Structures are given as C-alpha cells and as structure tokens.
Amino acid sequence: MSVVPEQADTVIIGGGVVGLATAYHLAAAGAGSVVLVEKDAFGSGSTTRSAGGVRAQFSDEINVRLGQHGLRVFERFAELFGQEIDFHQVGYLFLLDNPADVATFEASVAMQNSLGVPSRMISPAEAQRLSPLISTDGLLAAAFSPEDGHCDPSGVCQGYASAARRRGATLVSGCPATGADVDRSGTTPRVRAVHTRAGSIRTERVIIAAGAWSKQVGSWFGVDLPVEPLRRQILVTEPVSGLRGDTPMTIDFATTFYFHNEGPGLLMGMSDPDETPGFKLTPDQAWLPGLIEAMSRRTPSLEDVGIATQWAGLYEVTPDANGLVGQFEEVPGVFYCTGFSGHGFLLGPALGEVMTSLVRGDEPFVDVSGFDVARFAGDDLRPEINIV
Ligand SMILES: Cc1cc2nc3c(=O)[nH]c(=O)nc-3n(C[C@H](O)[C@H](O)[C@H](O)COP(=O)(O)OP(=O)(O)OC[C@H]3O[C@@H](n4cnc5c(N)ncnc54)[C@H](O)[C@@H]3O)c2cc1C
C-alpha cells in the first residue's frame, strides 16, 4: 500500500525518464520538497519499451541542443549516478533514397555542425562499410554522426530514481494520480492539491510528465495538451552470426525500418502506416509483413532470421512531432513536459535540467520557448523532420 506525503512544493505526475530526471534535478538544486507519483512501475510507460536510441541528429535546433546535452550525460552516466547504462556510442546512420530527403538532411547536417555536432553526409558505399548488413540498392546518400548511439532505458530510470531519492525526493510507484483541486475563485486559477489513489497532496505546483497519458492529466487542470498515444512495435531477433559490435543504429529513412545490436541479435522496429491512435500495448502480427518487406529490400541477408521477443509501446505524438515544454499561463503553477513523439528518451537528461530552471524562474540552458503549447494557436509550426 503506497503512502504519499500530505504536502509538497512540487508534485510530478509520471515516473518515466522525464519525470525521474526532473525529480532528480529539482531535488539536487534544493528547489523545495518534491513528490513524484507513478501509476505503475518507474519507466514502465514508454521509456523502458523504447529502442534506447540516443542522438543529436535532428532538424530542429532545440532538439539538437537538448539531444547533444543528453549525449554528454549518457557518456558520464555511470560516473554521475553510479549506474551502468550499457551505452554503445556506435553512431546513428540515416539511409536516404530520395533527392528531397538528401537535400533536407544536408541542411540539417550543416545546422548540426554549426552547433558542434560531428555529423556528416556520406556515400552509400561508406554507409555499407559502417553497417555491413545493408544493401545500397537505390540509396543516394546517408547521414552519420559517430557520437550518437543507444543505451539501456531501465538503467537510466534506475539511476535517476536512486539519485533523486538520495537527494531527498519522494518517489511513489503503484500510485496513480486521479485528479486535482484547482481554486477558480480568484482572477487567476490556482492549484491546491493533486489527488492520488493513496491520498491527496496539497501543492501549488504540478509538473505533468505523464507521457502518452498527458492529455487526460491536463484536463484535470482545464488545459489542453495535444498528445495522442500511438502504438509502435519492436522485436529482437535470434542471434545473427558475424554481427559487428560497432554496427551503428541504422535507419532506412523512407520506410523507418531501423535496427541496432541487442546482445547477440538485433533490435528492430518500424512505424506501421495503418496504426491508429489508442492505448494499445499488446503486440500483434499485422505490422510484420511491412517490416519483412522493408527488411528484405534493405537487409536481405536477415530475411530468414528468427524472432526472439516482441513488444509494443506508445509514442506520445503531437501535431508537429515536437515536445511540449512550459508553464500554462491560464493556470500558473501547472508545468508540462511531454509529447516528445518518439524521441523523448534521449531528451530526458536535458529536460530534467530545463524543467528545474523553469520552476525556479531561471533561463534554461536551451531556449525551449518554441516548445510552448501556445504555438498551436498560431501558424508558425516547425515540424521535426528527423523522426523514426
Ligand atoms: C517502440 C518505441 C521505441 C522508441 N524508441 C526511442 C528511441 O530509440 N529513442 C528515444 O529517445 N525515444 C524512443 N521512444 C520514445 C520514448 O520512449 C518516449 O519519448 C519517452 O520514454 C517519453 O518519456 P516520458 O517520461 O515522457 O513518458 P513515459 O515513459 O511514458 O512516462 C510517463 C509515465 O506517466 C505515468 N502516468 C500516466 N498517467 C499517470 C497518472 N494518472 N498517475 C501517475 N502516473 C501516470 C505512466 O505510467 C508512465 O510511466 C520510443 C518509444 C516507443 C514506444
């Protein structure tokens, strides 16, 4: 039976990477008492169901800066948090087979380089030298950055959870938040409490970090977070002989078929164009024919490899595939950090720092005002293009 404190300076709803990193950074900064409530186990939402890919190769400068910062943290995670995360810094390789994508990636690589990211455009032949399982059929070019890679999301969640507790934060798993009290008697609404299955917590500050479930949580405060759950599926193959340890995270950009080493096998995924929004967490077979078709074209030698495990998770999708980060003007004290549309794991370390700055009223180390939810009221959207 969970127990929650009766009062907290900040209540965080959601214990995925975003909530946990935020709890750690708030507690480490001495920004008052912090209580995080998670409805299931820490990381059990989308974070530990993810592919664990980490990168700075994006088309949007905010994502590049946040991702780049994340890479610096993942490189030193064991030293900083005393937790191994199995970081393989093998690079991300985007394979490109149409001229429009090549032009877009060329522009993104130039922007990334201007921010210190060592990404570069390479030829199909060089791409195959880096990732020998691929066929170069139809490829025009590729983009590669050696500092990207993949690591273990469970380790990252454990590292942040333990470090947050050491710094005095209270983290409660198996404890769904169920609603909130908002005092609307004055000119400006004020948060008064968050209700949970284990009791109510008096607070004037809430951070919504509920991933794919954020829309519902936002509705308790009378605000709209445009986040839709969309199932994505992953499988891990049986051992693949001759697999090179330094194989990059390889992405066939046009189909979104991707793979990276996972023990003696490969972890693979691909979006399903027929998938519809909803809280679907059970894997099925319907996406496999599309995956097999993409695989037989791009990695023909893998066609007969067996499946060892398969699972499904939720992307937390926004209309422009960019995250939502800020504080609601209409209900001060309600902050949000969600909607990272399939690349929130790698952004987690940076977001924990950004949220701590926003709560303290400081300038974050990256200007995230472009991720304010108010952007959807205008027509100045900049969709993230490098999505998988
Ligand atoms: C198949 C797949 C592959 C992916 N691959 C990658 C990748 O390679 N790289 C990458 O960066 N990202 C990847 N992602 C995306 C990544 O997993 C998410 O962007 C990231 O985990 C979001 O973190 P979060 O903390 O916002 O959400 P979550 O991890 O979902 O955490 C939110 C938490 O809130 C909890 N919650 C919800 N409602 C309540 C409530 N009422 N009370 C209490 N708790 C509540 C949930 O249980 C959940 O644990 C992938 C996702 C999927 C599904």
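Me: How many Å separate the centres of domain 1 and domain 2?
Reply: The centres are 30 Å apart, taken over C-alpha atoms. Keep in mind that this is a predicted model.

Me: Where does each domain run?
Reply: Domain 1 covers 10–49 + 154–227 + 320–377. Domain 2 covers 92–146 + 228–317.

Me: And how many residues from each go into the contact?
Reply: Domain 1 puts in 12 residues and domain 2 puts in 9 residues.

Me: Switching to the ligand. How many residues surround it, and which are the closest?
Reply: There are 42 residues around the ligand. The closest are Gly-16, Gly-45, Gly-211, Gly-313 and Gly-344.

Me: What does the shell look like by class?
Reply: It has 18 nonpolar, 18 polar and 6 charged residues. Domain 1 and domain 2 each supply at least three residues to the shell.

Me: On to the helices. What angle do H1 and H6 make?
Reply: H1 and helix H6 (residues 153–166) pack at about 30°, and their axes are 8 Å apart.

Me: Do we call that parallel or oblique?
Reply: Roughly parallel, because the angle is under 35 degrees. The crossing of H1 past H6 is left-handed.

Me: Which residues make the contact?
Reply: H1 uses Val-17, Leu-20, Ala-21, Ala-23, Tyr-24 and Ala-27. H6 answers with Pro-153, Val-156, Cys-157, Tyr-160, Ala-161, Ala-163 and Ala-164. By class, this contact has 13 nonpolar residues, with no polar and no charged ones.

Me: What about H1 against H9, at what angle do they pack?
Reply: They pack at about 40°, with the axes 8 Å apart. H1 and H9 are therefore oblique to each other.

Me: Left-handed or right-handed?
Reply: H1 passes H9 in a right-handed crossing.

Me: Which residues of H1 are in that contact?
Reply: Val-17, Val-18, Ala-21, Thr-22, Tyr-24, His-25 and Leu-26. The H9 side includes Gly-344, Phe-345, Gly-348, Pro-349 and Glu-353. By class, the contact of H1 with H9 has 10 nonpolar, 6 polar and 1 charged residues.

Me: One last pair. How do the axes of H2 and H9 cross?
Reply: Helix H2 (residues 61–75) and H9 cross at roughly 90°, and their axes come within 7 Å. That makes H2 roughly perpendicular to H9.

Me: Which residues touch there?
Reply: From H2, Leu-66, Gly-67, His-69, Gly-70 and Val-73. From H9, Leu-346, Leu-347, Gly-348, Pro-349, Ala-350 and Leu-351.

Me: And how do they divide by class?
Reply: The contact of H2 with H9 has 7 nonpolar, 4 polar and no charged residues.

How values were computed: Residues are numbered from 1 along each chain as its sequence is written. This is a predicted model: local features need pLDDT of at least 70, side-chain atom pairs count only at pLDDT 80 or more; totals for chains, interfaces and linings use all residues. Domain bounds come from an automatic or database domain assignment. Two residues are in contact if their C-beta atoms, placed from the backbone, lie within 7 Å. A residue is near a molecule or strand if its C-beta atom, placed from the backbone, lies within 6 Å of it. Ala, Val, Leu, Ile, Met, Phe, Trp, Tyr, Cys and Pro count as nonpolar, Asp, Glu, Lys and Arg as charged, and the others, Gly among them, as polar. Axes are lines fitted to C-alpha atoms, for helices over the stretch in contact, and angles run from 0 to 180 degrees between N-to-C directions. Helices (H or I, at least four residues) and strands (E, at least two) are DSSP runs, numbered from the N terminus. Angles under 35 degrees count as roughly parallel, over 145 as roughly antiparallel, 65 to 115 as roughly perpendicular and the rest as oblique. A crossing is left-handed if the near helix is turned anticlockwise from the far one by less than a right angle, and right-handed if clockwise.
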